[in-house]
Amino acid sequence: MELVVLSGKGGTGKTTIATALGELSRECTKVDCDVDAPNLSLFYKGTQLEKKSFFGGKKAFVNKEKCNECGMCTERCKFGAIKDGVVDIHKCEGCGVCKLVCPNDALFLKDYKNAEILAEKMKIGILTRAEMDIGSDGSGKLITALRRTAKEHSSDELIIIDGSPGIGCPVISSCTNSDYVLIVTEPTKSGISDLKRVYGVTDGFGIRSLVCINKYDINTKNTEEIKKYCQESEIEIIGLIPFDSTVNRAINELKPITEFKESIACKAIEDMWRIIKLKIKQEVK
Ligand code: SF4
Ligand code: SF4
């Protein structure tokens with residue numbers, strides 16, 4: 001079963017919860033799809049199983065021997081990515097227009113590496129993650145490659161995906177064809193708005209959604225608003241996690257919150273895990 005943990009933006013406790021669920025499962029594969037700000041691996045020390053280059057698309061290159069600096073490519077490139085026969089790799093979108101207009105056949109497109117994909121063996125299961133090259137950003141193709149790599153290395157019943165923030169292409173790739181999405185939200189106006197946006201994506205793609213309200217007790221009025229929205233939208237709320245300063249301590253010490261057994265947040269995540277476990281059982285029946 002693939003469970004994707006999502007939130008509309010960073011800082012809502014998504015990685016804390018994904019890490020805790022991974023620990024409680026005792027046997028699962030983890031995929032860090034938050035490629036622009038990968039934090040999941042910080043909590044673990046693993047042994048490398050595989051490291052491979054990821055080529056996210058093509059870029060233009062100039063054959064200097066053929067280029068007479070006529071400037072036609074500069075004139076036609078809509079991205080301002082080529083000047084005086086030199087391509088700015090960070091601006092080039094690989095559209096190929098320059099190649100088409102070059103009168104001297106001096107331009108060619110080539111696959112361009114923008115990340116490394118790593119698979120690592122952890123104390124509990126496998127973790128796959130990406131190391132982005134400077135100036136590159138996450139893409140749906142990279143997220144798909146991370147999920148595929150995880151499946152190549154693992155036969156675990158449960159795969160936990162720490163999803164990308166936002167509602168763009170990487171998020172869609174994080175959750176397409178998954179079994180459940182767990183949307184982590186918080187009782188703030190922006191949290192409620194993000195919840196609705198993320199649910200708009202998951203519902204649109206027909207993926208079953210569950211909700212967890214993190215720090216539910218910091219604003220009971222907003223928590224009630226979230227509950228009402230979930231009830232009307234027929235979304236099951238499976239977790240109510242209270243504010244707990246131990247969570248900050250766990251993050252600072254780079255330890256999963258599950259190592260702090262007396263923490264009230266840990267106990268609430270354990271309650272949520274029991275519900276998820278039942279869902280896993282139903283899925284693998
Ligand atoms: S169009 Fe071709 S020949 Fe002209 S500047 Fe560009 S690369 Fe050089
Ligand atoms: S491939 Fe497209 S974006 Fe890149 S330099 Fe050529 S015209 Fe510009």
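**Strand E1 and its partners**

I looked up Leu 6 and found it opposite Ile 183 in strand E9. E1 and E9 (residues 180–185) pair in the parallel sense over four bridges; pairing requires at least two DSSP bridges between two strands. Strands here are DSSP E runs of at least two residues, numbered from the N terminus.

I then checked E8 (residues 159–162), which is parallel to E1 and joined to it by four bridges. Glu 2 has Ile 159 as its bridge partner in E8.

I noted that the model is predicted, that local features need pLDDT of at least 70 and side-chain atom pairs pLDDT 80 or more, and that totals for chains, interfaces and linings use all residues. Residues are numbered from 1 along each chain as its sequence is written, while chains are lettered from A and ligands numbered from 1 in the order in which they are written.

**Burial of E1**

Is E1 (residues 2–6) mostly covered or mostly open? I found five of its five residues buried, meaning 20 or more other C-beta atoms, placed from the backbone, within 10 Å of a residue's own. Side chains in a regular strand alternate between the two faces of the sheet. On one side of E1 I listed Glu 2, Val 4 and Leu 6, and on the other Leu 3 and Val 5.

**Domains**

I recorded domain 1 as 2–45 + 122–284 and domain 2 as 56–113, with bounds from an automatic or database assignment. Their C-alpha centres lie 41 Å apart.

**Ligands**

I counted 13 residues around ligand 1, with Cys 67, Cys 70, Met 72, Cys 73 and Cys 102 nearest; a residue counts if its C-beta atom, placed from the backbone, lies within 6 Å. Around ligand 2 there are also 13, of which Ala 60, Cys 77, Cys 92, Cys 95 and Cys 98 come nearest.

How values were computed: A residue is buried if 20 or more other C-beta atoms lie within 10 Å of its own, exposed if 12 or fewer, and partly exposed in between; C-beta atoms are placed from the backbone.
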